[in-house]
Amino acid sequence: MNEGLTMYQVMVVDDEEYILKALKRTINTYTDWEVETYQDPHEALRRARTTVFDAVITDYMMPEMNGLELLQELRDLQPDTIRIVLTGVIDIETVMSAINKAGAFRFIPKPWDDDQLLDNIREGLKFRDILLENRILAETVREQKKTLRSLGYES
């Protein structure tokens with residue numbers, strides 16, 4: 001779970017309302033995960049332009065836009081967001097596209113196991129936190145080196 005005071009923002013996109021309700025119910029077992037659900041991927045993208053999400057879980061097959069297209073657009077808007085694909089269609093091409101084109105962190109088959117889903121989200125959020133922390137530390141080191149150089153010290 002999130003050890004800080006910040007809530008994790010999780011977006012879930014699926015064209016089937018009962019799937020969204022089931023996913024929200026499962027994900028809401030974590031009190032520090034705030035969940036927003038969307039049946040319309042275009043609405044989800046509009047929301048992603050104004051809100052930073054830590055994780056996005058999307059169905060692969062949706063009538064208006066497939067999950068990979070959605071994740072590719074989200075990757076451009078929010079590169080640090082963990083992306084997870086849910087699907088009832090499992091073939092190696094789909095899996096490879098999800099990973100290579102959309103930068104998916106995980107690929108989870110439907111029907112999913114609640115504990116496995118939560119474990120994957122938790123792992124993704126930990127991975128994201130580590131990446132962000134590393135980026136901050138690297139920037140701090142660059143700034144410190146610049147300061148030392150300006151004071152006449154060479155590394």
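I started with the pairing of strand S1 (residues 8–13) and S3: 4 bridges join them, and they run parallel. I took helices (H or I, at least four residues) and strands (E, at least two) as DSSP runs, numbered from the N terminus. I called two strands paired if DSSP finds at least two bridges between them.

This is a predicted model, so I noted the limits: local features need pLDDT of at least 70, side-chain atom pairs count only at pLDDT 80 or more, and totals for chains, interfaces and linings use all residues. Residues are numbered from 1 along each chain as its sequence is written, and side-chain values use heavy atoms, with hydrogens and water left out.

Next I looked up bridge partners. Methionine 11 has valine 56 in S3 as its partner. Valine 56 also has a partner in S4, arginine 83. S3 pairs with strand S4 (residues 82–87) through 5 bridges, in the parallel sense. From S3 the chain passes through helix H3 (residues 67–77) to S4, a right-handed β-α-β crossover. Right-handed here means a clockwise path from the first strand over the helix to the second, with the strands pointing away from the viewer.

I then checked burial in S3. Buried means under 20% relative accessible area, exposed over 50%, partly exposed in between (1.4 Å probe, protein chains only). Strand S3 (residues 55–59) has 5 of its 5 residues buried, so it is largely enclosed by the rest of the structure. Ala55, Ile57 and Asp59 point one way, Val56 and Thr58 the other.

Last, I noted that tyrosine 30 and tryptophan 33 are both buried.
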